Amino acid sequence: MTLQFSLGSAAPETVDTPCVVVGVYENGVLTSAAARVNTAAQGAIKQQIESGDISGKAGSTNVLFAPPGLTAKRVLVVGLGVQKSFDGARYQKIHLEAARALARLPIDSAVSYLTEVEVPQHDATWRVRTAALAADHATYRYTATFKPREKSSQPELGTVQFASGEDASIGLDQAKAIAEGVRFARELANLPPNICNPAYIADQATLFAERHEKVSCQVLDHVELEKLGFGSLLAVGRGSANKPKLVVLEYKGGNEEKPYAFVGKGITFDTGGISLKPGPGMEEMKFDMGGAAGVLGAFVAAVKMQLPVNLVCVVPAVENMPDGDSYRPGDVLTSLSGITIEVLNTDAEGRLILCDALTYTAQTFQPRAIIDAATLTGACVIALGKHASGLMTKHDDLADELLAAGEHALDRAWRLPLWDDYQVQLESGFADVANIGGKNAGAITAGCFLARFTEGQRWAHLDIAGTAWDEGRKGLATGRPVSLLAQWLIDRAGSGS
Ligand code: BES
Ligand code: MN
Ligand code: ZN
């Protein structure tokens, strides 16, 4: 069940709900809602602060059951940390923890006053949107490939109402749309690679288009791609029984202007091919279609928001397998652009499918801007870890737009240089370009490879290898960079540039 959200402005001491949610700072300072609840409940919160039961540490949670003087059955007290340093990231964290705590309680709804907490540099719209997205994120469960469970008799959290003195309905509407996009991306990425193969991605996109106005979907199969000259993309897919697809989604929410374009790496499983990856952790390479999931999710969000923009989303969906028919190190490929590529490592396959998809996107749509998202390099994870996506572009204005969108959406990126100085690393004695650039600056040379195929385009590249999923055996897809891309589109729709 997906969580439902609403807005309200009832008083915390008299609101009729299974649980009210209020915040306290680490130094014992109560928020105004907590103070009202405390007074009505004869000091119940203060007592627990004094006894040390409630610390106020950021993200800590305590439940008070049936305190006197309140209409609500429970109070969830959430620690906000030190008031002086309270910021947007902390605000997101407390909402994530609050939602996790609510989901553990035997209740079907709650009313949260944490949306009234002031956050420097952000307004009520942002606060409501961020709160709803955090709650949705925290309560997402992957269930697709478990044995169906019998419905438990315990109630399950189904609705959260956020208190807001001001009209923040725009924030709530945006959150609902973006949450759908994030869920679409997470679900697709979490599915195992024997289900989520190239044809499955194409089917999901086709279904989405059928169900939404102003959306159309075209799927090119390997026979059509062959005719069109996608020599680089097809080489990567040759070792797999699951043949490549190129998925092209179009949304016409604007007038006659050229569209914005998203391109996402859709390697549904990356074994490395003949340059086979080591066994341990290889299962994580089912997430190698995280870029595809991310741009599709952002597309879903844009459609659900009915943004007044034109948008195309192009996804090369391919599986990289070792086989008697696989492409090999030493092969020279002719890409759609005509540029020839010497394959030095079949595990550097993402750039080989993206280059053809980027050429196709530029030629077919002459977009106003092209953003690609890809789980492209382990080197990007080494450089930036799991917190920031790597951003590469030669366009300072586009970089600023994307960095600002990421900050605002708390889905941050960090820019790496894309200077031509790095291009020498890609020189080949047998083709126009090699597909790897040696051990230095691996994220950047991957970006430099793509740059050769996007000359003259207003293009940016997001390397999401570190951010697309959480590490470990039970690590789930994060849905990044759906929020960043959705915010960038919201900003474009507003500014008309
Ligand atoms: N999908 C991987 C990149 C990756 C690795 C993402 C680990 C997330 C976690 C990509 O196709 C790849 O294998 N890249 C190689 C490139 C190398 C051969 C130049 C890499 O990063 O090792
Ligand atoms: Mn690879
Ligand atoms: Zn890959």
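## Terms and model

A donor here is an N, O or S atom within 2.8 Å of the metal (3.2 Å for Na, K and Ca); water is not among the atoms, so sites may look incomplete. This is a predicted model, in which local features need pLDDT of at least 70 and side-chain atom pairs pLDDT 80 or more, while totals for chains, interfaces and linings use all residues. Residues are numbered from 1 along each chain as its sequence is written, chains are lettered from A and ligands numbered from 1 in the order written, and side-chain values use heavy atoms, without hydrogens and water.

## The metal pair

The manganese ion (ligand 2) and the zinc ion (ligand 3) are 3.2 Å apart. Asp 270 coordinates both.

Zinc takes donors from Lys 265 (NZ), Asp 270 (OD), Asp 288 (OD) and Glu 349 (OE), at 2.0 to 2.4 Å. Manganese is held by Asp 270 (OD), Asp 347 (O), Asp 347 (OD) and Glu 349 (OE), at 2.0 to 2.2 Å.

## Geometry

Four donors count as tetrahedral if all angles lie between 85 and 135 degrees; four count as square planar and six as octahedral if opposite donors are over 155 degrees apart and all others between 65 and 115; anything else is irregular. The zinc ion (ligand 3) has 6 donor atoms, with angles of 79 to 173 degrees, so its arrangement is octahedral. Ideal angles for six octahedral donors are 90 or 180 degrees. The manganese ion (ligand 2) also has 6 donor atoms. Its angles run from 69 to 167 degrees, and the site is irregular.

## Donors along the chain

The zinc donors follow the spacing K-x4-D-x17-D-x60-E. Lys 265 sits in the loop between β9 (260-264) and β10 (266-270), and Glu 349 in the loop between β13 (340-342) and α10 (350-365), so the pair ties together parts 84 residues apart in sequence. Helices (H or I, at least four residues) and strands (E, at least two) are DSSP runs, numbered from the N terminus. For manganese, the donor residues are spaced D-x76-D-x1-E.

Lys 265 is buried. Glu 349 is buried at 0% relative accessibility. Asp 347, at 22%, counts as partly exposed.

## Asp 270

Asp 270 is found in strand β10. Its relative accessible area is 2%, so Asp 270 is buried. The Asp 270 side chain makes a polar contact with the side chain of Asn 320 at 2.9 Å. A polar contact is a pair of N or O atoms within 3.5 Å; within protein, one must be able to donate a hydrogen and the other to accept it, and residues adjacent in sequence count only if both atoms are side-chain atoms. The side chain of Asp 270 also reaches the backbone nitrogen of Gly 272 at 2.9 Å.

## Ligand 1

Ligand 1 is surrounded by 16 residues, each with a heavy atom within 4 Å of it. The closest are Lys 277, Asp 288, Asp 347, Glu 349 and Gly 378. The shell divides into 5 nonpolar, 4 polar and 7 charged residues. Here Ala, Val, Leu, Ile, Met, Phe, Trp, Tyr, Cys and Pro count as nonpolar, Asp, Glu, Lys and Arg as charged, and the others, Gly among them, as polar.

A polar side-chain atom of Lys 265 lies 3.2 Å from a ligand 1 oxygen atom. For Asp 288, a polar side-chain atom is 2.8 Å from a ligand 1 nitrogen atom. A polar backbone atom of Thr 375 is 3.3 Å from a nitrogen atom of ligand 1. Taken alone, ligand 1 exposes 510 Å², and the protein buries 77% of that (Shrake-Rupley method, 1.4 Å probe; for residues, only the protein chains shown count as cover).

Terms used:
Buried means under 20% relative accessible area, exposed over 50%, partly exposed in between (1.4 Å probe, protein chains only).
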